[in-house]
Structures are given as C-alpha cells and as structure tokens.
Amino acid sequence: GERERQSLEPLLATPAARGAIVSGKIAAACVLGLVSMLLALLALKLSAQLSTGIARHLDVSLLATGKMLFVLLPMLLLGTTLLTFLAAAAKSLKEAQSHMSWLMLMPMVPTIILMVNPVKTQLWQYAVPFLAQNQLLLRVIRSEAVGVQAWALYLGCSLGLAAALWLAAVLRYRQERLAIST
C-alpha cells in the first residue's frame with residue numbers, strides 16, 4: 001500500500017541504503033511475528049497443561065517450548081522476507097493481497113501430505129521449508145532427540161533461503177520504477 005499512499009517514493013529518496021530499508025521492514029515484521037509466536041506457544045503450553053486427554057502427554061516443558069521457538073524463528077524470518085519480496089514485486093496492494101491465499105496454504109501442504117502418505121523421517125526432509133518445521137516440531141513435542149545434522153541442515157537451508165529472498169528484495173528496491181504506482 002505504500003505506492004497507493006505515495007509514501008514509498010519519499011522513503012526511497014532518503015540517503016539510507018536500500019538494504020537498510022529492506023532490513024528495517026523485515027525487522028519490524030519479525031518483532032510483530034515474534035510477539036504473536038510467543039503468545040501462540042504460551043497458549044499451546046497452557047492448553048496442553050489444562051487438557052485431560054492425549055495432549056497431557058505432549059512435552060510442553062520450558063526446554064521444549066524453547067526448542068519450538070528455535071524451530072519457528074527461521075520460518076518467521078523466511079516468511080517475512082518472502083512477504084517483503086512479494087510486496088516489492090507487486091504492482092499494487094490488490095496484487096500483493098492476491099498472493100495471500102497460496103501463502104496461507106503453503107505451510108499446511110506438508111502436514112496434509114504426511115496425513116495422507118506418512119513417511120519415515122529422512123535427513124533430506126530437513127532441507128525443505130515447512131516440511132522440516134513440521135518434522136522438527138513433531139519430534140520436539142514427542143520428546144524425541146534431533147541430531148546435529150538435522151538442525152544444521154534445517155538452519156542452513158532456511159536461513160540461506162531467507163538470505164536469498166532478502167537479497168532479491170534489496171535488488172528490487174534498487175530499481176527506480178519501484179516507487180511508481182501503475
């Protein structure tokens with residue numbers, strides 16, 4: 001919506017580096033996402049502790065909650081960089097909003113596929129965004145050990161993809177026609 005409000009052009013006219021502008025936008029979105037994520041983890045912890053069914057067997061200890069946060073942080077960064085890139089690539093607010101339906105579906109696809117066709121966890125799965133997150137969260141909740149290779153592959157791939165999307169957004173912000181609303 002910055003183009004429609006004509007607030008993007010003055011922002012881009014400042015002497016700030018485009019990388020700093022993109023990083024600031026991503027950081028602001030990450031702060032909001034982190035608050036939301038902490039509230040969701042707190043709600044999960046409280047609901048599992050108050051539950052009487054199978055949820056009582058889930059590991060929602062402070063350590064497990066910390067591990068879940070550690071699993072979700074790279075996905076938060078990946079999501080905010082993806083949204084920043086898509087917003088920069090969109091010509092209008094309406095076009096940017098049109099991406100929301102498939103963006104909301106993306107994290108659900110691995111879970112749906114695994115419900116229909118359960119497979120044994122393999123190392124390559126930790127390189128696939130959302131599938132890796134799903135597998136890691138399940139292992140943490142079940143109190144199963146996660147190997148160093150799995151953590152390294154997950155963090156390397158998700159942070160690498162986030163860095164690539166950040167770079168793509170910065171390159172898009174360097175284009176002069178970004179501020180022009182068409």
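Leu167 counts as partly exposed, at 43% relative accessibility. In this scheme, buried means under 20% relative accessible area, exposed over 50%, and partly exposed in between, with a 1.4 Å probe and protein chains only. Leu167 is found in helix α9. The C-alpha atoms of Leu167 and Ala96 are separated by 19 Å, and these two residues are 71 residues apart along the chain.

The structure is a predicted model, in which local features need pLDDT of at least 70 and side-chain atom pairs count only at pLDDT 80 or more, whereas totals for chains, interfaces and linings use all residues. Residues are numbered from 1 along each chain as its sequence is written, and side-chain values use heavy atoms, with hydrogens and water left out.

**Confidence and overall form**

pLDDT is the predictor's confidence in each residue, from 0 to 100. Its average over the chain is 85, and 92% of the residues score at least 70. Among the elements of the chain, the lowest mean pLDDT, 67, belongs to helix α1 (residues 2-5), and the highest, 93, belongs to α9.

The secondary structure consists of nine helices and zero strands. Helices (H or I, at least four residues) and strands (E, at least two) are DSSP runs, numbered from the N terminus. Read from the N terminus, the order of elements is α-α-α-α-α-α-α-α-α. The C-alpha trace spans about 55 × 35 × 30 Å along its principal axes.

The chain has 182 residues, of which 34% count as buried. A contact means heavy atoms within 4.5 Å. Of the contacts in the chain with a separation of 6 or more, 69% are between residues 24 or more positions apart.

The chain exposes about 10900 Å², and carbon and sulfur atoms supply 71% of this area. Accessible areas come from the Shrake-Rupley method with a 1.4 Å probe; for residues, only the protein chains shown count as cover.

As for charge, the mean position of the 15 positive charges and that of the 7 negative charges are 7 Å apart. Lys and Arg count as positive and Asp and Glu as negative, while His and the chain ends are not counted. The place of a charge is taken as NZ of Lys, CZ of Arg, CG of Asp or CD of Glu.

Helix α8 (residues 131-141) is mostly covered, with nine of its eleven residues buried. The buried residues of α8 include Leu131, Leu136, Leu137, Val140 and Ile141. Their cover includes α4 (62-89), α7 (108-116) and α9 (148-173).

Asn134 is placed in helix α8 and touches Pro110, Thr111 and Leu114, not counting residues up to four places away in sequence. Gln135 also lies in helix α8. With residues up to four places away in sequence not counted, Gln135 touches Leu114, Thr121, Gln125 and Tyr126.

The following table lists relative accessibility for selected residues.

| Residue | Relative accessibility | Class |
|---|---|---|
| Gln135 | 6% | buried |
| Asn134 | 13% | buried |
| Trp151 | 16% | buried |
| Phe130 | 18% | buried |
| Phe70 | 40% | partly exposed |

Phe130 is placed in the loop between α7 and α8, and its phi is near 75°, a positive value in a residue other than glycine. Ser143 is placed in the loop between α8 and α9. Although Ser143 is not a glycine, it has a positive phi of about 65°.

**The aromatic pair**

How many aromatic pairs does a search of the whole structure find? The search finds one. The rings of Phe70 and Trp151 have their centres 5.4 Å apart and their planes at 55°, so the pair is tilted. The pair links distant parts of the chain, since Phe70 belongs to helix α4 and Trp151 to helix α9, 81 residues apart. By definition, rings of Phe, Tyr and Trp (its six-membered ring) pair if their centres lie within 6.5 Å; planes under 30 degrees apart count as stacked, over 60 as edge-to-face and the rest as tilted. Of the two partners, Trp151 is buried, with a relative accessible area of 16%, whereas Phe70 is partly exposed, with a relative accessible area of 40%.
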